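Here is a short briefing to read alongside the model. Please keep the sequence and the 3D view open as you go.

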Amino acid sequence: MTAQVFLLPVLALILWSFVIWVWMYATRIPAMSKLRIAPQDAQNPRGEWRGKMPAQAGWVADNYNHLHEQPTVFYALMVVMFLMGQATGATLVLGWAYVALRVGHSLSQIIGNRVMVRFVLFLLSTLVLIGLVGVALCGVVFA
């Protein structure tokens, strides 16, 4: 399988991160403007100004941060698996499953922030990631 095909889920999740970045600023800047929160007042990311912001503006920002946490493991793992010759149809399907679950997690957090829905999506995406790690380890141990 070519790198272009196998690494498409990686590129898709990176693109999704930029969609959330745009969404974050499209939500946050108007809210800060309406509340007359000056940029210099927002230097402390957990400052009192955050309590004045609409909840959804915080949800989008939190999700943007989440997309820079566990998905970094996914990015590295997909590249490692490709380099190790483990770019198979099954691992590609798992890669797309991870991306779909992370997009679902984002939408669930941003649109309604239902914690149990988010938890289930996060749990499932983590299990997919663990499965990918297992495949990679089996490739190393049994090679």
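Among contacts in the protein between residues at least 6 apart in sequence, what percentage join residues at least 24 apart? The answer is 76%, where contact means heavy atoms within 4.5 Å.

This is a predicted model, in which local features need pLDDT of at least 70 and side-chain atom pairs count only at pLDDT 80 or more, while totals for chains, interfaces and linings use all residues. Residues are numbered from 1 along each chain as its sequence is written, and side-chain values use heavy atoms, with hydrogens and water left out.

**Overall picture**

- The protein holds seven helices and zero strands; these are DSSP runs numbered from the N terminus, helices being H or I with at least four residues and strands E with at least two.
- Along the sequence the pattern reads α-α-α-α-α-α-α.
- The C-alpha trace spans about 60 × 30 × 20 Å along its principal axes.
- Of the 143 residues, 39% count as buried (buried means under 20% relative accessible area, exposed over 50%, partly exposed in between, with a 1.4 Å probe and protein chains only).

- Leu-8, Leu-11, Ile-14, Phe-18, Trp-21, Val-22, Tyr-25, Ile-29 and Trp-96 make a nonpolar surface patch of about 860 Å².
- Patches are made of residues with over 30% relative accessible area and no salt bridge, joining nonpolar side chains (Val, Leu, Ile, Met, Phe, Trp, Tyr) within 5 Å and like charges within 9 Å; a salt bridge is a side-chain nitrogen of Lys or Arg within 4 Å of a carboxyl oxygen of Asp or Glu.
- Helix H2 (residues 8–34) gives the most to this patch, with eight residues.
- Ile-29 lies in helix H2 and is exposed, because its relative accessible area is 51%.

**Aromatic pairs**

- The structure holds four aromatic pairs (rings of Phe, Tyr and Trp, the last by its six-membered ring, pair if their centres lie within 6.5 Å; planes under 30 degrees apart count as stacked, over 60 as edge-to-face and the rest as tilted).
- One of them joins Trp-21 and Tyr-25, which is edge-to-face because the ring centres are 5.3 Å apart and the planes at 70 degrees.
- Trp-21 and Tyr-25 both lie in helix H2, four residues apart, about one turn of the helix.
- Trp-21 is partly exposed at 39% relative accessible area, and Tyr-25 is partly exposed at 35%.
- Phe-74 and Tyr-75 form a tilted pair, 6.1 Å centre to centre with 55 degrees between the planes.
- Phe-74 is buried at 0% relative accessible area, and Tyr-75 is buried at 18%.
- Ring pairs link Phe-74, Tyr-75 and Tyr-98 into a cluster.

**Helix H6**

- Helix H6 (residues 89–111) has 23 residues and reaches 33 Å from its first C-alpha to its last, close to the 33 Å expected at 1.5 Å a residue; the expected span is 1.5 Å times one less than the number of residues.
- Its buried residues include Thr-91, Leu-92, Gly-95, Tyr-98 and Ile-110.
- The buried residues of H6 pack against H1, H2, helix H4 (55–66), helix H5 (71–83) and helix H7 (115–141).
- Asn-113 follows H6, and its phi is positive, near 50 degrees.

- Thr-2 lies in the segment before helix H1 (3–6) and counts as partly exposed at 43% relative accessibility.
- Thr-2 and Phe-82 are 80 residues apart in sequence and 8.7 Å apart in space, C-alpha to C-alpha.

Key. Accessible areas come from the Shrake-Rupley method with a 1.4 Å probe; for residues, only the protein chains shown count as cover.
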